Amino acid sequence: MNKQIAIIGAGISGLSTAYTLVNAGYPVQIFANAFSPNLVSNKAAAFWFPYHVRNDKRGIDWCQKSYAHFQELANNPATGISMQKLIKALRDGVQETEIAWLDFMPANSYKLLNATELQAGYIKGYEAIVPLIETQIFLPYLQNQLKEKGVTFTEEHIDNLCNFAKGFDIVINCTALGARVLCKDEQLIPVRGQVALLQPIAQQTIFLDNELPTYIVPRKDAIIVGGTYEEGIEYATTETSTIERLLQNAYSIFPALQQQNILGDWAGLRPFRADIRLEKEGNIIHNYGHGGSGYTLSFGCAEEVLHIVQNEF
């Protein structure tokens, strides 16, 4: 295991891949333009859920492996991960556009609810237990764990992947949206997500209405109120009218949220690809295109990278 391995990218895909490789005995170096907290991964809500990844059936195994990993990490409060109740609900008069998400759920992790158990205006819903990842806690935790295991972090702009790869035995490309330029990948597109932040409140459940769409995620630092799915938008800025709409949607479902102060808003660009790119190309392993399921896929994809390293090099 004396191979020289470089990972490009320090978001959740890069860090989870590094963590998996290091724990398997491989020395790793990480190179990136930026590090936590200046990453899209920091802006994620972030709860485990197969979001806009359900056409790629490889994701079933990857999602479930990530679930198991986060479930184990939830035993350590220092990680900022906890297992929380999530309600996914469907409003009266609205047809559910996708039910394939159920194929991605681990066994015994969800149940169908009665309409009487749902918020007013909703006729169908599921209750699931999912990992909630407090990104503002977990990413620094993971980065510190890697440093303690000898992983080095180098801030560097890499504009030629092939030239960079000549200096290492294995290079793992976790550059997210940066792969559009680095790999000239036209299948990779930005999808903007906008969210509002409210003052935290106790006893708030994760709530998801994919058809509206609305999600409400209680974290220690804020309640995240989303969301939008805006394909092809290139700029990570919020729009006042959109943020107001998101808040009004949330208030209509949970009126008590109107009592919470508005702390701010933010936007991020999800790196979406219809099929996640996870494959070997020469001495490069590509691992990008996870869209809004970066955390949901993270450790599962990292295990796939490890499998390639162990069996194809």
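Buried means under 20% relative accessible area, exposed over 50%, and partly exposed in between. The legends below refer to a predicted model.

**View 1. Tyr110 and Tyr126, an edge-to-face pair.** Seventeen is the setting here: the count of aromatic pairs comes to 17. In this one, the ring centres of Tyr110 and Tyr126 are 6.3 Å apart and the planes stand at 65 degrees, so the pair is edge-to-face, the cut-off being over 60. Tyr110 belongs to strand β4 (residues 110-113) and Tyr126 to strand β5 (residues 122-133), so the contact ties together parts that are 16 residues apart in sequence. Tyr110 has 33% relative accessibility and therefore counts as partly exposed. Tyr126 has a relative accessible area of 10%, so Tyr126 is buried.

**View 2. Tyr122 and Phe207, an edge-to-face pair.** The centres of the rings of Tyr122 and Phe207 lie 5.5 Å apart, with the planes at 80 degrees, so this pair is edge-to-face. Tyr122 is located in strand β5 and Phe207 in strand β9 (residues 206-209), so the pair ties together parts that are 85 residues apart in sequence. Tyr122 and Phe207 are both buried.

**View 3. An aromatic cluster.** One cluster is formed by Tyr19, Phe70, Phe138, Tyr141 and Phe299.

**View 4. Lys147 over the ring of Phe153.** The charged end of Lys147 is 5.6 Å from the centre of the Phe153 ring and sits over that ring.

**View 5. Lys280 over the face of Phe313.** Here the distance from Lys280 to the ring centre of Phe313 is 5.0 Å.

Terms used
Residues are numbered from 1 along each chain as its sequence is written. This is a predicted model: local features need pLDDT of at least 70, side-chain atom pairs count only at pLDDT 80 or more; totals for chains, interfaces and linings use all residues. Side-chain values use heavy atoms; hydrogens and water are left out. Rings of Phe, Tyr and Trp (its six-membered ring) pair if their centres lie within 6.5 Å; planes under 30 degrees apart count as stacked, over 60 as edge-to-face and the rest as tilted. Helices (H or I, at least four residues) and strands (E, at least two) are DSSP runs, numbered from the N terminus. Buried means under 20% relative accessible area, exposed over 50%, partly exposed in between (1.4 Å probe, protein chains only). A charge sits over a ring if NZ of Lys or CZ of Arg is within 6 Å of the ring centre and within 35 degrees of the ring normal.
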